[in-house]
Amino acid sequence: MNETPRPMRRNEIRAMNETLILQAAEKVFAEAGFGGATMQLIADLAGLPKANLHYYFATKEELYRRVVQNIFEIWLHAADSMDGAETPAEGIGAYIDAKMDISRRHPEGSKVWASEVMHGAPVIQDYLETTLRDWTAGRAALIQRWIDEGRMAPVDPQHLLYMLWATTQHYADFSHQIETLNGGKPLSETQWNAAKANVKQIILRGIGVL
């Protein structure tokens, strides 16, 4: 005997609608930028009435900040693997894997972040000056400790982080270019694994841990 599906609870409906809105907002902001995006475009893509959009996010700026915050928090958690790693090769290698996987799963969010920063961060400058600065200082201190212990080459930790970000996020921000050079097709699973392996080998050899 088939059971009647239970009705969705209010918090489940809210979570589902927020997910739809944020996915649509990522795409619209990535394609149109903050200035070109409208709440109506986002509502249409999410398949929700515009009034519903304003119920969850009162303004376009509030929604935009949430999109940017989401991708940044995903990136933050990607670095958790560095904190508990026994070796620099293990920690930085796992960080590269995680960041490239994020580029594959969340390309639109990465593009929104890149566009915002390239335009001088008019909406999230405060975020850069607080959360990002503190996070970067913490990761740089960890890398410097590994250097001081003689476990990796004496490189500038901050510039190493810049290189890691630029390389891994390239696969999201320049996905169209990569697909064009790949015969007009997204990278396959095999190609993604090969890309991760090559990026890790180049960077880990460069810092003397392979």
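Residues are numbered from 1 along each chain as its sequence is written. Because the model is predicted, local features need pLDDT of at least 70 and side-chain atom pairs count only at pLDDT 80 or more, while totals for chains, interfaces and linings use all residues; side-chain values use heavy atoms, with hydrogens and water left out.

The protein chain has eleven helices and zero strands, where helices (H or I, at least four residues) and strands (E, at least two) are DSSP runs numbered from the N terminus. Along the principal axes, the C-alpha atoms of the protein chain fill a box of roughly 60 × 50 × 40 Å. Of its 210 residues, 39% count as buried; buried means under 20% relative accessible area, exposed over 50%, and partly exposed in between, with a 1.4 Å probe and protein chains only. Contact means heavy atoms within 4.5 Å. Among the contacts in the protein chain with a separation of 6 or more, 66% are between residues 24 or more positions apart.

The pockets come next. Rolling a probe the size of a water molecule over the atoms shows where empty space is left. The search uses a 1 Å grid over the protein atoms alone: a cavity is a set of points where a 1.4 Å probe fits but cannot get out, a pocket is an open set with protein on both sides within 12 Å along at least five of seven lines, and lining residues have an atom within 4 Å of a point. Grid points are joined across faces, edges and corners, and a volume is the space filled by probe spheres set on the points.

The largest pocket has a volume of about 430 Å³. It is lined by 21 residues, of which Trp 75, Trp 113, Val 117, Trp 165 and Gln 169 are the closest to its centre. Two or more lining residues come from each of α4 (60-78), α6 (88-105), α7 (107-118), α8 (125-148) and α9 (157-173), and α9 gives the most, with six residues. By type, the lining of the largest pocket divides into 15 nonpolar, three polar and three charged residues; here Ala, Val, Leu, Ile, Met, Phe, Trp, Tyr, Cys and Pro count as nonpolar, Asp, Glu, Lys and Arg as charged, and the others, Gly among them, as polar.

The second largest pocket has a volume of about 150 Å³. Its lining includes Ser 103, Arg 104, Tyr 171, Ile 178 and Trp 192. Both α6 and α10 (175-181) supply at least two of the lining residues, and the largest share, three residues, comes from α10. This lining holds six nonpolar, two polar and two charged residues.

Helix α9 can be followed in more detail. The end C-alpha atoms of α9 are 23 Å apart, in agreement with the 24 Å that its 17 residues should span at 1.5 Å a residue; the expected span is 1.5 Å times one less than the number of residues. Among the buried residues of α9 are Leu 161, Leu 164, Trp 165, Thr 168, Gln 169 and Ala 172. An α-helix has 3.6 residues a turn, so residues three or four places apart point the same way. The buried residues of α9 pack against α4, α6, α7, α8, α10 and α11 (189-206). At the start of α9, a side-chain oxygen of Asp 156 reaches to within 2.9 Å of the backbone nitrogen of Gln 158.

On helix α8, Thr 136 is buried, with a relative accessible area of 9%. Beyond its neighbours within four places in sequence, Thr 136 is in contact with Gln 158, Leu 161 and Trp 165. The side chain of Thr 136 also reaches the backbone oxygen of Leu 132 at 2.8 Å.

In α4, the buried residues include Val 68, Ile 71, Phe 72 and Trp 75. Glu 73, also found in helix α4, is partly exposed, with a relative accessible area of 33%. A polar contact of 2.8 Å joins the side chains of Glu 73 and Gln 69; such a contact is a pair of N or O atoms within 3.5 Å, and within protein one must be able to donate a hydrogen and the other to accept it, with residues adjacent in sequence counted only if both atoms are side-chain atoms.

Two further residues complete the description. Ala 121, in the loop between α7 and α8, has a positive phi of about 50° although it is not a glycine, and Ala 121 is buried, with a relative accessible area of 3%. Leu 181, by contrast, lies in helix α10 and counts as exposed at 71% relative accessibility.
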